[in-house]
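Student: Could you pick one part of this model and take me through it closely? I'd like to see what surrounds it, and then how the rest is arranged.

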Amino acid sequence: MDAIEVERLTKSYGRARGIVDLDLRVGSGTVFGFLGPNGAGKTTTIRVLLDFLRPTSGAARVLGLDSRADSVAIHRRVGYVPGDPALYERITARELFAWLSGLRGGIDERVLEGLVARFGVQADRPIHELSRGNRQKIALVQAFMHEPELLVLDEPTAGLDPLVQHEFEELVREVAAEGRTVFLSSHMLDEVQHLCDHVAIIREGCLVAVEEVATLRARAMREVTIHFAAPIDPAPFRVLPGVRDVEVRDANLHCHLTGSANHLVKLAARFDVLDFTSTPPDLEALFLHYYRDAEAGDGAAGH
Amino acid sequence: MALLVTERAVRDRRRGSIGWALGIAAYVSIMTSVYPAVQDSALQRAIRNYPKELKAFFGGAASFDFSTGAGYLNVELFSLIIPALLVIVAISYGVRALAGEQADGTLDFLLANPITRRRVVLEKVVGLWAVVVPLAAVAGAAVLAVGLFVDLGVGIDRVAIACLGATLVAVLSGTLAMLAGAATGSRAVAIGVPTAVFAASYLIVGLAGLVSWLEPLRVASPLYHANGTQPLLHGLPAANYLILFGLCGVALCATSEVFNRRDLVR
């Protein structure tokens with residue numbers, strides 16, 4: 001059974017763009033990335049899964065249950081982190097956890113204590129005194145504390161410092177190793193590529209592609225800038241696989257790189273390299289790539 | 001399952017509720033304790049000479065009789081001030097309960113739990129009663145406490161009945177705020193609808209005493225049902241209170257139904 005099955009799901013409302021004919025399957029026990037720019041429909045999809053929004057047409061099944069009819073049963077087995085979470089401000093994290101635990105009919109306190117210690121949650125101060133990052137930790141802990149079968153995480157790492165982000169990634173791997181499912185949305189490829197087995201790409205409410213992360217990474221384009229100690233001859237760089245748009249000004253080389261950096265780095269290493277920078281992959285460029293493929297009809301949007 | 005949603009809603013307002021309780025207790029005690037000075041005074045004589053239209057607007061000539069404690073308390077506290085204070089508290093609770101939580105985003109955390117939306121509405125309305133009833137009790141207790149030292153000639157039963165009327169009109173206003181908030185998700189609408197209803201119901205009660213063709217309209221005024229028959233003077237208006245109670249129930253069901261169907265956008 002798939003943890004999430006979405007069939008021809010359409011949600012339209014008011015002026016805001018919704019989602020159109022979305023088909024999506026998330027296998028049990030996988031870590032699945034849901035990738036798209038802000039406003040693409042990621043949050044809309046997630047809110048339909050949780051029955052906050054009702055489909056205009058189509059249906060969603062979560063853990064084999066209907067998102068509308070069985071929402072209470074689904075909520076019992078799902079942990080959720082909203083995008084940009086707002087917590088009850090006047091209480092402490094400990095009070096919040098106790099309250100949410102009560103709504104769930106009790107949880108394993110050792111699991112909660114483990115998570116609180118692991119993320120370094122400031123549990124005894126009123127939440128309104130805490131920073132953005134510390135609130136995000138609270139939102140994460142409450143999603144994991146009842147050991148749900150499925151985690152639905154909307155931009156879960158927003159505002160986290162790198163150490164906590166690392167801890168979060170570890171936790172996601174452990175959860176997946178236990179056979180539980182993690183569905184997480186992001187607008188940054190770098191954020192999901194270390195974690196996810198598969199990634200679905202959504203743009204303007206439509207599913208563009210579902211790919212293995214390796215495939216996606218091979219297609220993602222980065223901007224690379226290399227500062228050499230002395231001017232170099234650009235000719236050998238222009239013929240490297242995956243390297244395009246090579247520009248050389250004095251001792252600086254600028255190019256676009258798709259796929260592995262192996263050849264580029266090895267060639268550059270023959271010269272004196274002062275600095276080497278590489279931008280995160282540009283998601284919009286990646287989408288355009290998929291769009292071109294989709295228009296050319298070569299089935300890049302396959303499942 | 002215990003009433004955890006109720007508990008959260010009531011606790012979050014604890015400080016505000018204590019403040020309101022102190023304010024209401026102070027206002028009511030002061031107004032009540034000056035009664036002997038007003039009972040036979042220049043003011044009372046001046047009121048006797050008020051134009052009858054003015055008296056009619058404020059509930060008829062009989063209610064302006066400051067020679068009895070009941071008449072005085074009715075005009076100065078129970079015909080408007082106490083209901084209005086409780087209505088303000090109730091509306092502010094009702095706005096926060098659904099529209100406010102949705103706008104803040106805390107509703108996401110609440111509804112991601114294994115709990116139905118109908119249950120959330122029910123528990124929030126229980127919380128509304130739990131916020132309003134103690135404040136009404138404080139108002140009544142303040143009257144009775146001062147009554148130990150000042151001869152008001154009003155029984156505990158009559159005071160309790162008048163407080164119940166104010167409670168009912170307040171709970172109805174708060175539930176209407178929840179209904180408007182559930183229907184639109186807008187704080188402004190959630191404040192506006194019950195406020196307009198209360199203002200209109202006050203005007204209807206006043207004008208119905210002046211304009212005879214408006215008199216049948218009184219049945220549409222929650223405030224009329226709460227205090228229009230002057231329960232401090234005349235006792236329990238059972239039918240009127242039942243109507244208010246029924247309207248509270250209807251508003252609760254409507255809120256539950258509307259909230260259960262609505263898309264919760266952030």
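Tutor: Gladly! From strand 8 of chain A, A:Thr181, A:Phe183 and A:Ser185 point one way, while A:Val182, A:Leu184 and A:Ser186 point the other way, and all are buried. A residue is buried if 20 or more other C-beta atoms lie within 10 Å of its own, exposed at 12 or fewer and partly exposed in between, with C-beta atoms placed from the backbone. By that count six of the six residues in strand 8 (181–186) of chain A are buried, and the strand is mostly covered. Strands (E, at least two residues) and helices (H or I, at least four) are DSSP runs numbered from the N terminus.

This is a predicted model, in which local features need pLDDT of at least 70 and side-chain atom pairs count only at pLDDT 80 or more, while totals for chains, interfaces and linings use all residues. Residues are numbered from 1 along each chain as its sequence is written, and chains are lettered from A and ligands numbered from 1 in the order in which they are written.

Now to the neighbours of the strand. Two strands pair if DSSP finds at least two bridges between them. Strand 3 (31–35) of chain A runs parallel to strand 8 of chain A and is joined to it by five bridges; A:Leu35 stands opposite A:Ser186 there. Strand 7 (150–154) of chain A also pairs with strand 8 of chain A in the parallel sense, over five bridges, and A:Val152 has A:Phe183 as its bridge partner.

Step back, and you see an open sheet of six strands of chain A, in the order 6-7-8-3-9-10, with mixed pairing. Its edge strands, each pairing on one side only, are strand 6 (78–81) and strand 10 (206–212) of chain A. From one strand to the next the twist averages 15 degrees; angles here run from 0 to 180 degrees between N-to-C directions, with axes being lines fitted to C-alpha atoms, for helices over the stretch in contact. Strand 9 (198–203) of chain A runs antiparallel to strand 10 of chain A, with six bridges joining them, and A:Ile201 is partnered by A:Ala209.

Helices pack on this sheet too. Helix 1 (42–49) of chain A touches strand 3, strand 7, strand 8 and strand 9 of chain A, its direction making about 145 degrees with that of strand 7 of chain A. Helix 6 (162–177) of chain A lies across strand 3, strand 7 and strand 8 of chain A, running at about 145 degrees to strand 8 of chain A.

Two residues are in contact if their C-beta atoms, placed from the backbone, lie within 7 Å. Of the contacts in chain A with a separation of 6 or more, 68% involve residues 24 or more positions apart.

Chain A also has a partner: 19 residues of chain B are in contact with 21 residues of chain A. On the chain B side, the elements giving two or more residues are helix 1 (4–12) and helix 8 (106–111) of chain B. Helix 8 of chain B gives the largest share, four residues.
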